[in-house]
Amino acid sequence: MNNFFIVANNVKDVNLEKTKALAQFLELRGKRCEYTGIERVFEDENDVLKFAAKIKEDVEAIISLGGDGTLIQVSDIAAKKGIPIIGVNMGNLGYLCEVEKEKAFEAIEKLINDEYEIEKRMLLSGEMTVASVKMPKVQALNDVVIARKGTLGTISFKVSVNGSALYTCEADGMIISTPTGSTGYNISAGGPIVAPYSHGIILTPICAHSMNVRPIVLSCDDEITVELNRETSKPDISVEVSFDGSKTCPMNLSDKVTVKKAYTEVKIIKLNSKSFYEVLSRKMSDR
């Protein structure tokens, strides 16, 4: 690899000190490296477009400095551009960022020497239908979450798969997750851990008010539709849909969200030979 782009979390890499040191490290070895700092969440689509325009088409790797949230923030753009990405963990333990900050220079040496593998991760594509009008599709590496906003109270959901009714239930929310996202909010809500390189969609209710509603692992070819149950939903309940915990949209009684596997994939750079299960064992022991 010869051309790199570093994306740093402004809070975790204060004054971009680590970023500048890594960029200099690469340039001294005759490589090209550009960089930028970002906030944890892009405020609007214009911010996303401005950021994407900074990444030139000949970039061979994006290095994310921050945590899992920073890598997720950049993953959609990396996927659309077809550029592999690697995460350097600057904070707490995460599942997506393979490299700890103390090993960043060692990791870059491996990238320069082409000592790496590419692991493809599936994305979700979510589409909101608001008042019978379809909104632009949004992609997510981790999950699509439908949950109440503000006041307490359960949400009454109607869930269907491939056009066939699956169940109706009351719950605090609903998580639709990728295998990559299975170790995020999904696991906190009692959902299963799924190997990140596998292909499937995990449907996990949050605190379902029924003993019969349980998390389900669906095929990656399935299409899930979630809407609010008009008959039993409280008229004053406030609900919103979030994609990877940041891109949000309010959801009303007449709306629905449809989720399926996206056409694009994220290319994650892997440097070590540790299996997912070895990493999982260590992470779970650290908790």
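Is Phe 5 buried or exposed in this structure? At 2% relative accessibility, Phe 5 counts as buried, a term that stands for under 20% relative accessible area, with exposed meaning over 50% and partly exposed the range in between (1.4 Å probe, protein chains only).

## Basis of the report

The model is predicted, with local features requiring pLDDT of at least 70 and side-chain atom pairs counting only at pLDDT 80 or more, while totals for chains, interfaces and linings use all residues. Residues are numbered from 1 along each chain as its sequence is written, and side-chain values use heavy atoms, leaving out hydrogens and water.

## The protein chain as a whole

The protein chain contains six helices and 18 strands; these are DSSP runs numbered from the N terminus (helices H or I, at least four residues; strands E, at least two). Its radius of gyration is 20 Å, close to the 19 Å that the globule rule gives for 287 residues, so the chain is as compact as a globular protein of that length. The radius is taken over C-alpha atoms, and the rule is 2.2 Å times the number of residues to the power 0.38. Along the principal axes, the C-alpha atoms fill a box of roughly 65 × 40 × 30 Å.

Of the 287 residues, 50% are buried. Among contacts (heavy atoms within 4.5 Å) with a separation of 6 or more, 69% are between residues 24 or more positions apart.

## The pair of Phe 5 and Phe 51

A search of the whole structure finds two aromatic pairs. Phe 5 and Phe 51 form one that is edge-to-face, at 6.4 Å centre to centre and with 75° between the planes. Rings of Phe, Tyr and Trp (its six-membered ring) pair if their centres lie within 6.5 Å; planes under 30 degrees apart are stacked, over 60 edge-to-face, and the rest tilted.

This pair links distant parts of the chain, for Phe 5 belongs to strand 1 (residues 3-9) and Phe 51 to helix 2 (residues 45-54), 46 residues apart. Phe 51 counts as buried, at 3% relative accessibility.

## The pair of Phe 25 and Phe 105

The ring centres of Phe 25 and Phe 105 are 5.1 Å apart and their planes stand at 70°, so this pair is edge-to-face. Because Phe 25 lies in helix 1 (residues 17-27) and Phe 105 in helix 4 (residues 104-112), the pair ties together parts that are 80 residues apart in sequence.

Phe 25 is buried at 14% relative accessibility, whereas Phe 105 is partly exposed at 29%. Arg 29 lies over the face of Phe 25, at 3.6 Å from the ring centre; this requires NZ of Lys or CZ of Arg within 6 Å of the centre and within 35 degrees of the ring normal.
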